[in-house]
Amino acid sequence: MKLTTARLLISAALMRVAFFFYGVYQDEHAEIRFTDIDYFVFTDASKFTAQGGTPYDRATYRYTPILAWLLLPTTQYFWFGKLLFALGDIVAGWLMLRIFQLRGLSNDRALKFASVWLLNPMVATISTRGSSEGLLGAMVIALLWAVYEKQIVLSGALTGYAVHFKIYPIIYVPSILWALDSSPSILGNGILRWVNKDRVKFALSSFMTFTTLTGAMYYIYGHPFLLHTYLHHLSRSDHRHNFSPYNILLYISASPSVDESPYPSLAFVPQLFISGIFLPLMLAKKDLAKTMFVQTFAFVTFNKVCTSQYFMWYIVLLPFYLPSSAMLKNKWLGIWGLILWTLAQALWLQQGFELEYLGNSTFFPGIFAATLIFFSVNIWILGVAIEDI
């Protein structure tokens, strides 16, 4: 049977429906819940909001209030959020197909590469467990679609909204600005010749959208909004479920008997230089979509907190990298890349299970070694991708 857009989207939807009902069954009958703990944080925040409080009355709510507002229906129908997040997956996939069309990819190839996202069981699992990354994925693909459609003001607005929703998409701003070089300069020649109409429109649109949303949330919720949504991440020290090489350092720093360390905050320096400055300047004019993929891959790899949900940030952009990648041209390179990435992740998960579920101390050398192996595999994959572009 020939794969069509309708069949692909319907198959993706049915996959998520199946995962959703399986999750409901597991939650009711198994000792380990299918639903992610974050989903309970989201729904509790919505409940507090509906009762006249604030989302930040719920401990560990570290997101924009807009997410709690979007999930207000969960106060009546608890599973609404999971369906919304799964819908985000589908919307991202549909927009992905539109972008492939604009990039001149044949329909058959576009459907196959979009399947990497739409029919990916890992993606479907994370969304139906109650992670909001599917919504974020839809925002990122929407802003990329708007850039390719030459809808500059819209792309800026979507970027501003995405940055407000989850601050990491700010790394895409330099890439988009650098790639928008087709319109003539408005300041003539010289060092400011890069200032053109499209860049000014994008910069103003994204800035105004971000500041309007952020200002409105601050007006309503005050300092708790800034503290929990943005400032918290500067000193965040989560070490559970964390694949990052900073894992052990964060664990030690979290101890009350240890003086507060500046190193967790310094982790942003190499991360933001590579993903937000070096890669955009080097690659954005060659291929924006592929550049955004390697930026995100680098950002997650170097992030001081790296969980499975964060893989969604770059998996949603992976289909744009694959069509002309060395990973597909050389099938053994691709196979080994997938095997090593999976095995390195599985090694960490085995050590993490020993620690977090069985109570065995596997911090050193177990988890420490596993994080270094996973980091090394990701650096190798990142190098291959950069060289491709």
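**Helix α15 and its two partners**

In this predicted model, helix α15 (residues 288-302) and helix α20 (residues 363-388) have axes that come within 10 Å and cross at roughly 165°.

Reader: Why is α15 called roughly antiparallel to α20?

Author: Their axes cross at roughly 165°. Angles over 145 degrees count as roughly antiparallel, so α15 gets that label relative to α20. The crossing itself is left-handed.

Reader: Which residues make that contact?

Author: From α15 you have Phe293, Val294, Phe297, Ala298, Thr301 and Phe302. Across from them, α20 brings Phe375, Asn378, Ile379, Ile381, Leu382, Ala385 and Ile386.

Reader: What makes the residues of the α15 and α20 contact nonpolar, polar or charged?

Author: Phe, Val, Ala, Ile and Leu are among the types that count as nonpolar, and the tally for this contact is 11 nonpolar, two polar and no charged.

Reader: On to α14, then. How do you know how α14 runs relative to α15?

Author: The axes of α14 (residues 268-283) and α15 come within 9 Å and cross at roughly 165°. The cut-off is over 145 degrees, so α14 is roughly antiparallel to α15. This crossing is right-handed.

Reader: Where do α14 and α15 meet?

Author: On α14, look at Gln271, Leu272, Ile274, Ser275, Gly276, Leu279, Pro280 and Leu283. They meet Thr291, Val294, Gln295, Ala298, Phe299 and Phe302 in α15.

Reader: And how do the residues of that contact divide?

Author: Into nine nonpolar, five polar and no charged. Gly counts as polar here, and Gly276 is one of the α14 residues in the contact.

Key:
Residues numbered from 1 in each chain as written. Predicted model: local features only at pLDDT ≥ 70, side-chain atom pairs only at ≥ 80, totals over all residues. Heavy atoms only, no water. Axes fitted to C-alpha atoms, helices over the stretch in contact; angles between N-to-C directions. Helix = DSSP H or I, 4+ residues; strand = E, 2+ residues; numbered from the N terminus. Parallel < 35°, antiparallel > 145°, perpendicular 65-115°, else oblique. Left-handed = near helix turned anticlockwise from the far one by under 90°. Contact = heavy atoms within 4.5 Å.
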